[in-house]
Amino acid sequence: MSEKADFVSPTEIHCLSPDWSKFAPGEVDVRVSIGGEGFTVNKIKWQYYINTKPQKCLAYGPGLFDKGGVWGFPAIFKIQAKDVGGRNRTSGGEADYWRVKAVFNDQELKTKIHDNKDGTYDVSYIPTAAGTVQVSVAYDDPVQGGVIDIRGSPWKSSFENPWTKCKMTGDAPKVKGGMQVTALLKRLIFYGGGSDVHVFDADALKWETPEIEGSPPPDRINH
């Protein structure tokens, strides 16, 4: 098969790849004929793949789950491109053809698409508050002539507040000038700014004020 090419420079020509739909995918040899002369002896390899079909493609991952997510952190999922026969694509290069939207409260969140060069694409977005994000994934198909949703799109993903209020016992210390804190296993030791020492037990969620013996060092900056 042959295709007309446009001359760009002594080292570059541009052409459209010919329609290969009648043939099986695979590797072909590409040669060049200049001015009607014989084809060059030198050749390069070109790989033909079966076109991506959005109706066969899949997306999966925690960024599409209907529950269990927390806002403020990247929500991630993966797109698996499939060809017209439903087989996984094994090449990339189509990141610009994917159309991903994540909408929260009528506002579109920023999304990132990473091409893994193996037929899969990693997608991430960051929910900004608790609630539901509608995620849609589509493919701008040059063969079918339009932007077409993939299987399952759109999804509704729910996100909760990652912070919870803990009920603690004991008396927490008042903030004082010169107070310091250090970690000791699963306890936080607060000292400085006075003679008292306060301990917070992270397992029991309990404040303690142990009795301290001996003479404390004098107060000073950056103790």
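Which residues lie nearest the centre of the largest pocket? Select Glu 3, Cys 15, Val 30, Arg 31 and Val 32, the ones nearest that centre among 27 lining residues. Before moving on, know that this is a predicted model, where local features need pLDDT of at least 70, side-chain atom pairs count only at pLDDT 80 or more, and totals for chains, interfaces and linings use all residues. Residues are numbered from 1 along each chain as its sequence is written, and side-chain values use heavy atoms, with hydrogens and water left out.

A pocket here is an open set of points on a 1 Å grid over the protein atoms alone, where a 1.4 Å probe fits, with protein on both sides within 12 Å along at least five of seven lines; lining residues have an atom within 4 Å of a point. This one holds about 880 Å³ of space (the volume filled by probe spheres set on the points, which are joined across faces, edges and corners).

Now colour β1 (5-9), β2 (12-15), β3 (26-30) and β4 (44-48): each gives the lining at least two residues. Strands are DSSP runs of E, at least two residues, numbered from the N terminus.

Next, select Trp 20, Tyr 48, Tyr 49, Ile 50 and Asn 51, which lie nearest the centre of the second largest pocket. About 460 Å³ of space lies there, and β4 supplies the largest share of the lining, 3 residues.

Last stop: β10 (111-115). Five bridges join β10 to β11 (residues 120-125), running antiparallel; two strands pair if DSSP finds at least two bridges between them. Click Ile 113 to find its bridge partner, Val 123 in β11.

How values were computed:
Helix = DSSP H or I, 4+ residues; strand = E, 2+ residues; numbered from the N terminus.
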